[in-house]
Structure formats: C-alpha cells, structure tokens
Amino acid sequence: MKEYLQKYFTLRKHNAKVAYKKAKNRKMCYLFLAPYAILFTMFYVFPVLASIYFSFTYYNVLEAPRFIGLQNYISLILQDDIFLIGVKNTLLIAVITGPLGYIMSFLFAWLINELPRWVRSIAVMVFYAPSIAGNCFVIFSVFFRGDAYGYVNAFLINLGIIDKPILWLVNPQYMLPICMLVILWMSLGSGFLSFVAGLQGVDKSQFEAGYMDGIKNRWQELWFITLPNMKPMLMFGAVMAITQAFNVADVTMQLCGFPSTDYAARTIVAHLIDYGSMRFEMGYACAIATILFLMMILCNKAIQSFLRRVGT
Amino acid sequence: MSKDSNKKKTEKETKEQVYRKKLIKKRKPNRSIIGDILLYLILLLIAFIMAFPLIYAVSSALKPLDELFKFPPTIFPKRPTIDNFSDLFVTMGKSWVTFSRYLFNTVFITFVGTFGHLIIASMAAFVLAKYEFPGNQAFFKLVTVAMMFTGYVTAIPNYIILNKLGWIDTYWAIIIPAFASPLGLFLMKQFMEGLPTSLIEAAKIDGANEWKVFSGIVMPNVKPAWMTLIIFSVQALWNNRASTFIYSEEKKTLVFALQQIQSGGIARTGQGAAVLVVVMIVPIIIFVFSQSQILETMASSGLKD
C-alpha cells in the first residue's frame with residue numbers, strides 16, 4: 001500500500017512539474033486569459049459557489065445565514081408539493097420545446113442559407129426578431145384573452161367550433177400548451193444566429209467533393225458534410241437551448257399570472273422567484289437553484305455525448 | 001467594393017464558359033426542384049406565422065384609443081395615428097428625469113459594456129481555442145457549466161461583491177459583470193476553433209508575436225462571430241432594467257422608465273402598446289444594420305485544414 005502511494009505521489013509530482021514547465025512556456029496565454037478569468041471568477045464563479053453554500057443554510061437576507069445542513073433539500077423534495085408540480089412542468093416544457101426549438105433553429109438556418117442574399121437577410125430578421133423583441137410576447141395574452149374579445153375565441157366562435165369563450169390562460173388544461181407555443185415562437189434565438197453565421201463558414205469545395213463522391217440528395221449532404229462541419233456551433237446551440245428550456249419563467253408568469261390557477265403553469269424558476277424575492281427565503285431558493293443546476297448539467301452531459309456521434 | 005468587382009469578374013467568366021457547364025453551376029447539385037418548392041412554401045408559411053404577432057404589435061400601437069377597445073377586434077387600424085407615440089413623449093417629458101438622460105444611460109451602458117466584452121472575451125477565447133496549456137480544458141468547462149446557473153439567486157452574492165467594490169449605484173455595476181458574460185466567450189471560442197492552426201503558425205514564422213496574431217489575423221477572420229457577439233451583448237444590455245444594482249432615478253435605463261409607463265393601467269393602453277414597439281424596435285434595427293456583416297464576411301475562404 002505504502003509503495004503504491006509513494007509511486008502515486010512521485011507520478012503526481014512529475015505531472016505537476018511537467019504542467020508547471022508547460023505553463024511557464026505559455027505565460028502569454030495566461031496573460032490573455034487573465035482579464036476575463038478574474039472578472040469571471042468574481043462575478044460568476046464566486047456567486048455560484050456562494051449560492052450553493054446558501055442552499056445549506058437558513059438565510060432570509062436580513063440575518064446572517066445559519067447552517068442547517070440538508071434541511072432545505074429534504075423539505076423541498078418531501079414536503080413541497082408545488083415544487084414537484086414545478087419540476088413536472090419544467091421537464092415537460094424542456095423536453096418538448098428544447099429539442100423542437102433546437103431542430104427548428106438548425107433547419108431554418110440551413111434552409112435559408114441557400115437563398116439569395118437579400119431574401120436571406122429578410123428571412124433571418126423575420127425568424128430572429130421574436131427572440132430579441134423584449135417582452136413582446138405579452139401580445140399573446142391579447143390573442144388568447146379569456147373573453148369573446150380575444151382573437152382566438154372570436155375566431156373559433158365565428159367558425160362555430162365553440163359556443164362560449166374558453167378561458168385559455170386561466171384553465172389549467174390549456175395553459176401549458178399555450179406557453180409552449182409562445183416559447184417555440186421565441187426559440188429561434190442565439191443558437192439560430194450562430195448557426196446562420198456558422199453555415200456561411202462551411203467550405204464550399206467540400207460540397208463539390210461530396211457530389212463527386214456520390215452524395216445523392218440534400219439530406220445526405222446535410223448529414224455527411226454540413227453537420228460535421230457545424231459541430232462547434234451545434235454544441236453552442238445545444239447549451240443555449242438547454243439553458244433556455246430549463247429557465248422558463250417569464251413567459252408562464254406573464255401569460256398565466258403569478259401564481260397561476262392551481263399552480264398549473266408553475267415552473268422551477270417561478271417557484272424560485274416566489275421564495276427568493278417574495279418570501280425572502282434565500283436559502284430555500286438557492287436549494288431550488290442548485291437542483292435545477294444539477295438537472296441542467298446532467299442534460300448537458302447527455303446531449304454532448306450524443307452530439308459527438310453526429311455525422312458518423 | 002473590391003468584392004463586388006470580383007463578383008462581376010467571376011460572373012463574366014462563367015458567362016464565357018460553355019452552356020452546359022453554366023447549367024450545372026447555376027443549380028446546385030443534390031437539389032430537386034419539387035423539394036425546393038415544397039420546402040420554401042413551408043418556410044414562407046412559418047415565416048408569416050412568426051411575423052404576425054410582431055406586425056400586430058406595431059399595428060396596435062398605431063391604433064387610436066377607441067379602436068384598441070373595439071369589438072370585434074380588428075387587426076389593422078382603420079385610422080392609423082401616431083398619437084400613442086407622441087403621448088409617450090409627453091408623459092416622458094413630465095418626469096423629472098429627462099428622456100435624453102434615460103437614453104444616455106442606456107446607450108452608455110450598452111456601448112461600453114459591449115466593447116469591453118468583445119475585447120476581453122475574444123482575448124480569452126483566442127488562447128482557449130488555439131493554444132494548449134494546463135488548465136485550458138478545465139477553465140472552458142467551468143465557463144459552460146457556470147452559464148447554466150440561474151441568475152436570480154446569484155444576484156445576492158453579486159450585490160455583496162459590488163457593494164464591497166463600491167460600485168453599487170454606478171454604471172459599473174452593470175458594465176463590468178457584462179464584460180465577463182460566458183455567452184460571448186463560448187461563442188468566440190467555438191468560432192475560433194474553426195480557424196486553421198497553420199494560419200497562426202505561418203504568422204509566427206513571419207515573426208508576429210501573440211498580440212499581432214490575435215489582432216491582425218485571428219480577429220479579422222472571425223468577423224461574423226464578433227458581429228454575432230455584439231448583437232447578443234447589445235440585446236442583453238439594452239433590455240437590462242438595472243433595477244437591482246442602480247437605484248437613483250437619474251441613472252436608470254430607458255427600458256426601466258418605459259416599463260414604468262406601461263404598467264400605468266388601462267388608461268395607458270395606447271402608450272403601453274407604443275412602449276412595446278419602442279423597446280422591441282431598437283434591438284431589431286441594430287440587428288438589421290449589423291446583420292449584413294454577420295452573413296457576408298466569412299473571410300476565411302478556403303483556409304480550412
């Protein structure tokens with residue numbers, strides 16, 4: 001055992017020495033990285049670590065945090081029914097809108113890539129505009145208004161499909177599907193734009209070579225040439241899609257009210273906002289955030305291992 | 001401009017070539033006409049659906065008050081006016097902080113934040129993408145992971161730090177954290193990875209130091225990426241309400257002021273619609289102006305390994 005440990009330590013020491021030497025040779029790199037790294041640690045890494053620490057405490061912002069161990073997590077999972085509703089809704093939204101939005105982003109970016117320049121510019125703008133339009137999605141609450149003034153209700157009544165207006169945003173039955181629709185409408189965001197820019201960079205001669213090598217249709221071309229070339233952007237788009245899909249709260253809160261009927265549109269982040277900024281139970285809110293964080297990391301791992309297999 | 005002349009030249013060359021060759025050149029291989037038509041019809045339909053809510057938002061901002069409450073609701077205004085917008089200016093004019101001050105705050109925060117973010121993030125992305133050094137992979141992983149933590153709870157530790165630094169209630173409370181936004185670094189790194197290493201080595205042999213390589217070779221070659229980054233950053237900073245870290249009214253942002261008006265209840269429905277359009281239109285305009293850059297400047301033609 002002792003020998004083994006000794007061997008292990010000499011090996012480690014050696015590794016460390018090599019790393020140190022390498023680092024010394026690459027001083028320049030650290031200089032380039034330093035400004036970003038310092039700011040990043042200060043405003044991102046440290047707050048995240050602090051939040052994870054707070055999740056093990058009772059912290060109401062006014063008093064100093066008091067360590068209570070796993071108590072927050074235990075009550076979150078065992079006692080908080082509403083949180084479980086939130087988890088269910090978030091997963092439902094993420095599973096449906098995440099992949100769908102991601103695929104839509106890529107597909108549209110790919111399709112408009114071949115259009116002539118000015119058509120493409122307009123198309124990119126039309127698709128991308130909803131996601132930069134700020135809180136423009138509140139316009140949907142006009143479309144789906146509960147009384148007969150709402151467009152959807154008026155339309156359906158005129159067609160004779162329904163005879164009285166449906167409370168779209170109050171009836172738990174319809175809330176989630178409508179929210180998903182709105183989220184999908186907004187989902188062509190950062191991922192879409194990076195795909196558009198990335199597709200421009202794919203080397204054109206590869207397509208000609210592929211043509212010579214017997215690629216028959218556009219789908220084969222997509223799978224064997226375009227997708228492998230786009231891997232870095234696909235990775236970026238996937239991470240963006242995950243963060244967006246799991247962090248849904250604005251849309252559900254503004255459309256369905258906060259709190260919504262029977263908590264039917266509650267998401268994890270909405271729950272977190274409820275505890276964090278209304279009840280000031282920061283420790284509890286941090287526990288929620290940590291659980292969400294773990295879920296997203298797991299999801300990210302799964303997607304990355306999937307993306308590695310693309311195009312083979 | 002040289003680009004255009006180049007294009008003309010190639011066009012001329014193709015014209016001079018044999019007829020059959022031109023046909024092949026004109027239509028891309030691997031594309032069936034029926035497929036093209038079908039796909040683009042679907043695309044057109046979806047584009048219409050996507051654009052409709054935005055068009056509606058603009059048209060309802062142009063409606064006079066009586067039409068906003070009309071039944072059955074109309075999509076396009078019968079008598080379009082710009083009263084809602086001029087009312088907005090009147091309301092803004094009554095507040096003790098002038099409109100121009102709010103505008104200045106937002107523009108200052110957006111401009112400085114984006115500029116610093118672009119430089120700092122690209123520098124870091126450059127070494128992360130193109131050099132191997134201890135800690136490289138680990139740091140990048142940290143960045144991707146940190147991106148996934150929700151911002152709502154990190155606001156408190158952030159506040160504590162900013163308070164220690166004495167930046168609360170200054171513009172820096174918004175600007176400096178924006179410099180280190182993980183989104184930009186991630187984007188830049190992914191794009192820089194596509195640059196051929198041979199390009200950098202060649203420059204090195206010619207005697208360029210790291211800074212020269214970065215500013216003279218890498219940055220011009222990833223122009224689409226930095227245009228994309230600018231758009232993301234501008235959009236995030238423009239929509240930043242800055243209400244947590246800045247509390248003196250004369251330092252608040254335009255979006256914050258506008259949303260105050262919007263929450264003024266039913267009497268301000270018209271103005272609310274106008275606010276929606278103003279908040280929405282600015283990032284879109286910035287996007288329109290910069291997007292030609294994003295889409296057309298892939299300078300690294302043929303420089304792949």
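Me: Where does A:Leu167 sit in chain A?
Reply: In this predicted model, A:Leu167 lies in the loop that links α7 (151–159) to α8 (172–185) of chain A.

Me: Why is A:Leu167 called partly exposed?
Reply: The label covers values between the 20% limit for buried and the 50% limit for exposed. A:Leu167 has a relative accessibility of 46%, so it counts as partly exposed.

Me: Why does A:Val18 count as partly exposed?
Reply: Buried would need under 20% and exposed over 50%. A:Val18 comes in at 37% relative accessibility, so partly exposed is the label.

Me: What makes the phi of A:Phe280 worth a remark?
Reply: Phi is near 55° there, a positive value in a residue other than glycine. A:Phe280 is in the loop between α14 (268–278) and α15 of chain A. With a relative accessible area of 44%, A:Phe280 is partly exposed.

Me: Which class does B:Asp169 fall into, buried or exposed?
Reply: The cut-off for buried is under 20%. B:Asp169 has 16% relative accessibility, so it counts as buried. B:Asp169 is found in the loop between α8 and α9 (172–179) of chain B. Its phi is positive too, about 70°, although B:Asp169 is not a glycine.

Me: How do you know that B:Thr154 is buried?
Reply: Its relative accessible area is 10%. Buried means under 20%, so B:Thr154 qualifies. B:Thr154 is part of helix α8 (residues 151–165) of chain B.

Me: What does B:Thr154 touch, leaving out residues up to four places away in sequence?
Reply: From chain A there are A:Pro47, A:Val48 and A:Ser51, and from chain B there is B:Phe149. They count as contacts because heavy atoms come within 4.5 Å.

Me: Which chain B residues does A:Tyr36 touch?
Reply: Quite a list: B:Ile120, B:Ala121, B:Ala124, B:Phe139, B:Val143, B:Phe179, B:Ala180, B:Ser181, B:Pro182 and B:Leu185, again leaving out residues up to four places away in sequence.

Me: Which residues have the most contacts inside the largest nonpolar core?
Reply: A:Tyr36 is one of them, along with A:Phe127, A:Phe192, B:Phe126 and B:Met188. That core has 180 residues. Its largest share, 13 residues, comes from helix α15 (residues 282–307) of chain A. Apart from it lies another core, of 13 residues, including B:Leu88, B:Leu258, B:Ile261 and B:Ala274.

Me: Which residues of helix α3 (residues 71–78) of chain A are buried?
Reply: A:Asn72, A:Tyr73, A:Ser75 and A:Leu76 are. The buried residues of α3(A) pack against α2 (27–54), β1 (57–58), α4 (81–112) and α15 of chain A.

Me: Why is chain A called more spread out than a compact globule?
Reply: Set the value against the rule: the globule rule gives 20 Å for 312 residues, while the radius of gyration of chain A is 25 Å, well over that, so chain A is more spread out than a compact globule. Its C-alpha atoms fill a box of roughly 85 × 70 × 35 Å, taken along the principal axes.

Me: How many helices and strands are there in each chain?
Reply: Chain A has 15 helices and 2 strands. Chain B has 15 helices and 0 strands.

Me: How many charged side chains does chain A have?
Reply: There are 25 positive and 15 negative ones, and the centres of the two sets lie 18 Å apart.

Conventions: Residues numbered from 1 in each chain as written. Chains lettered and ligands numbered in written order. Predicted model: local features only at pLDDT ≥ 70, side-chain atom pairs only at ≥ 80, totals over all residues. Heavy atoms only, no water. Core = buried A, V, L, I, M, F, W, Y, C linked by side-chain atoms within 4.5 Å. Buried < 20%, exposed > 50% of the residue type's maximum accessible area, 1.4 Å probe, protein only. Helix = DSSP H or I, 4+ residues; strand = E, 2+ residues; numbered from the N terminus. Rg over C-alpha atoms; globule rule 2.2 N^0.38 Å. Lys, Arg positive; Asp, Glu negative; His and termini not counted. Charge placed at Lys NZ, Arg CZ, Asp CG, Glu CD.
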